[in-house]
Structure formats: C-alpha cells, structure tokens
Amino acid sequence: MPFLLGSVIFVSLFFVARESGEEVSEQVSAHPFVMVGETEVLVEVVDTPEERTRGLSGKKTLGEENGMLFIFERPGVYPFWMKEMRFSIDIIWIDESFHVADITEEVSPGSFPNTFSPALPVRYVLEVPAGFIKKHGITKGEQVIFSLADGEATP
C-alpha cells in the first residue's frame, strides 16, 4: 500500500510540475526524442558500427520532425557521406556536453563521395530533413537534451 500511495504522489507531482512549467528531471517516453533548444525531434538511435555505416542510406524519406541520432563511444571528428541517399539532410553535430558544436545544412545525395565533418570533436550526430535547421532557427551553442527509450536522459 505505501508503494502505491508513493507512486500516485509521484505521478501527481509530475503532472503538477509539468502544468506549472517547472522542469522535470526525468521524463518517460515511449519514443526516443531529442530536444534541440525548444524543438523536439523523434529519433531512431544508431549506436553500433554497422548501424552507423548504414545510417539513412536506402531510406525513401524522413518525416519532417524526425531524425537519426548517431552515438559514438568517445568524442571525435567523424566524417559523414551521402552514399545511397535519396534525399537531402541537415546535420547537427553535438559535443559531449550536449551542445550544438557545429551545423551543416542542405547536404544533397549528389555530394557523394565527398564527406562532411564537424569543425570540433563531437560525440553525437543528429541527421534531420534538409531545411530543418533554418526552419527551427537552430544555432551553435544551443542546449540539447536526449530522452531515449532505454530511460537514458541528459541534462
């Protein structure tokens, strides 16, 4: 009974804090997402070498508010290419302190075999549809928050 009462209180406080605009440190989400500034992006997470190599290659499209989040074990300057891509993308390069370190806009499939890299080491890379950065006014230095399906969340 105490567990049930505690759970009800926690859930109630969660919704009260949310309605009052207060920050809630942990959110539960059925779908992984990334917040870049005030913009939410539903993401597919890729964190193995095979998944990172394949990336968005071969996919027909990417939803307007969707993206692919690449997670690397350590910071580095990772090159990205457009091999077998069917649509243009914007790339948001994220450092290990969860800030936008660099941005690359309007990368087209015709750019292959050229590669694109950030100016600084990054640990995360977010690919979004072309025009996303301009549409949402994303700039270098913005805070990025992850809420992943496995419960991992960032500041």
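Arg-52 is buried, with a relative accessible area of 15%; buried means under 20%, exposed over 50% and partly exposed in between, with a 1.4 Å probe and protein chains only. The model is a predicted one, in which local features need pLDDT of at least 70, side-chain atom pairs count only at pLDDT 80 or more, and totals for chains, interfaces and linings use all residues. Residues are numbered from 1 along each chain as its sequence is written, and side-chain values use heavy atoms, with hydrogens and water left out.

The pLDDT is the predictor's confidence in each residue, from 0 to 100. Its mean over the chain is 81, and 76% of the residues reach 70 or more. Residues 1–29 have a pLDDT below 50, and beyond near neighbours in sequence this stretch has 11 contacts in the model, a contact being heavy atoms within 4.5 Å. Where pLDDT is low, the predicted coordinates should not be read in detail.

The chain contains three helices and seven strands. Helices (H or I, at least four residues) and strands (E, at least two) are DSSP runs, numbered from the N terminus. Along the sequence their pattern is α-β-β-α-β-β-β-β-α-β. Of the 155 residues, 37% count as buried. Among contacts with a separation of 6 or more, 71% come from residues 24 or more positions apart.

Strands E1 (residues 33–36) and E2 (residues 39–46) pair in the antiparallel sense over four bridges; two strands pair if DSSP finds at least two bridges between them. The two strands form a hairpin with two residues between them, and Gly-37 in the turn has a positive phi of about 65°. Val-36 stands opposite Thr-39 in E2. E2 also pairs with E3, in the parallel sense and over five bridges, with Leu-42 opposite Asn-66 in E3. Not counting residues up to four places away in sequence, Met-35 touches Glu-40, Gln-143, Val-144 and Ile-145.

The second largest pocket holds about 190 Å³ of space. On a 1 Å grid over the protein atoms alone, a cavity is a set of points where a 1.4 Å probe fits but cannot get out, whereas a pocket is an open set with protein on both sides within 12 Å along at least five of seven lines; lining residues have an atom within 4 Å of a point. Grid points are joined across faces, edges and corners, and a volume is the space filled by probe spheres set on the points. Of the 15 lining residues, Arg-52, Thr-53, Pro-79, Phe-80 and Trp-81 are the closest to the centre of this pocket. Helix H2 (49–54) and strand E3 (66–76) are the elements that give two or more residues to the lining, and H2 gives the most, with three. Arg-52 lies in H2 and touches Val-46, Asp-47, Phe-70, Ile-71, Phe-72 and Glu-73, not counting residues up to four places away in sequence.

Most residues other than glycine have a negative phi, and most peptide bonds are trans. Glu-84 has a positive phi, near 60°, and counts as exposed at 57% relative accessibility. Its place is in the loop between E3 and strand E4 (89–94). The peptide bond from Phe-112 to Pro-113 is cis, with omega near 20°.
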